[in-house]
Amino acid sequence: MYHFLMILCGVAGAMLFAAMAVLVCVDVFMRNVGMGNISWGVEMTEYMLMVATFLAAPWLLYLNDHIRVDIIVRGVSAPAARLLELITDAFGFIVCAVLAWQSVVVAQDAAAQGGMVFKVLIFPEWWLNVPMAFSCTLLAIEFARRFQRGLRAPEGN
């Protein structure tokens with residue numbers, strides 16, 4: 001199930017990026033041929049970019065394809081590298097867990113206050129916090145899994 005959820009996150013993120021490309025191209029085409037524009041296009045693209053990024057992040061971490069600066073890890077001994085990986089995974093877990101919790105708290109507060117986003121599109125403000133809460137929860141889980149795997153790894157690795 002977890003593997004399927006991670007794949008689903010990657011596919012959904014990719015589909016959103018593809019939909020953004022299509023939406024922008026259609027909007028530009030319509031403007032250039034004098035057909036007007038898609039009034040909600042730019043705003044929708046902004047939201048799609050945010051959601052796609054948050055959906056893709058756990059998938060990339062799961063595949064170990066995320067951006068990482070490992071110049072220090074490469075230059076130290078295997079036991080020291082393992083310790084640095086454990087520290088990084090623990091720190092990643094803590095940060096993502098705090099962000100997930102805070103996203104939920106902010107979403108609950110916005111829902112309780114009845115906050116709305118009023119632009120071209122009108123919707124409840126708490127909707128904007130759901131992708132972050134979902135993503136940060138999955139990121140925290142993945143960092144915990146990586147930490148656990150690092151503890152079980154043989155000393156030489």
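The exercises below concern this predicted model.

**Exercise 1.** Determine how helix H1 and helix H5 are oriented to each other, and which residues bring them into contact.

*Solution.* 
Step 1. Two packed helices are described by the angle between their axes and the distance between the axes.
Step 2. Helix H1 covers residues 2-32 and helix H5 covers residues 130-152; they pack at an angle of about 130°, and their axes are 13 Å apart.
Step 3. Angles over 145 degrees count as roughly antiparallel and those from 65 to 115 as roughly perpendicular; H1 and H5 are therefore oblique to each other.
Step 4. The crossing of H1 and H5 is left-handed.
Step 5. On the H1 side, the contact involves Tyr2, Leu5, Met6 and Cys9, which meet Phe134, Leu138, Ile141, Glu142 and Arg145 of H5. Of these contact residues, seven are nonpolar, none is polar and two are charged.

**Exercise 2.** Describe the largest pocket by its volume and its lining.

*Solution.* 
Step 1. The largest pocket holds about 470 Å³ of space.
Step 2. Its lining has 22 residues, and nearest the centre lie His66, Ile67, Arg68, Thr88 and Phe143.
Step 3. H4 gives the most to this lining, with seven residues.
Step 4. The lining of the largest pocket comprises 13 nonpolar, four polar and five charged residues.

**Exercise 3.** Describe the second largest pocket in the manner of Exercise 2.

*Solution.* 
Step 1. The second largest pocket holds about 190 Å³ of space.
Step 2. It is lined by 10 residues, with Glu85, Asp89, Arg146, Arg149 and Gly150 closest to its centre.
Step 3. H4 again gives the most, with four residues.
Step 4. This lining divides into two nonpolar, three polar and five charged residues.

How values were computed:
Residues numbered from 1 in each chain as written. Predicted model: local features only at pLDDT ≥ 70, side-chain atom pairs only at ≥ 80, totals over all residues. Heavy atoms only, no water. Axes fitted to C-alpha atoms, helices over the stretch in contact; angles between N-to-C directions. Helix = DSSP H or I, 4+ residues; strand = E, 2+ residues; numbered from the N terminus. Parallel < 35°, antiparallel > 145°, perpendicular 65-115°, else oblique. Left-handed = near helix turned anticlockwise from the far one by under 90°. Contact = heavy atoms within 4.5 Å. Nonpolar A, V, L, I, M, F, W, Y, C, P; charged D, E, K, R; others polar. 1 Å grid on protein atoms, 1.4 Å probe; cavity = no way out; pocket = protein on both sides within 12 Å on 5 of 7 lines; lining within 4 Å. Points joined across faces, edges and corners; volume = space filled by probe spheres on them.
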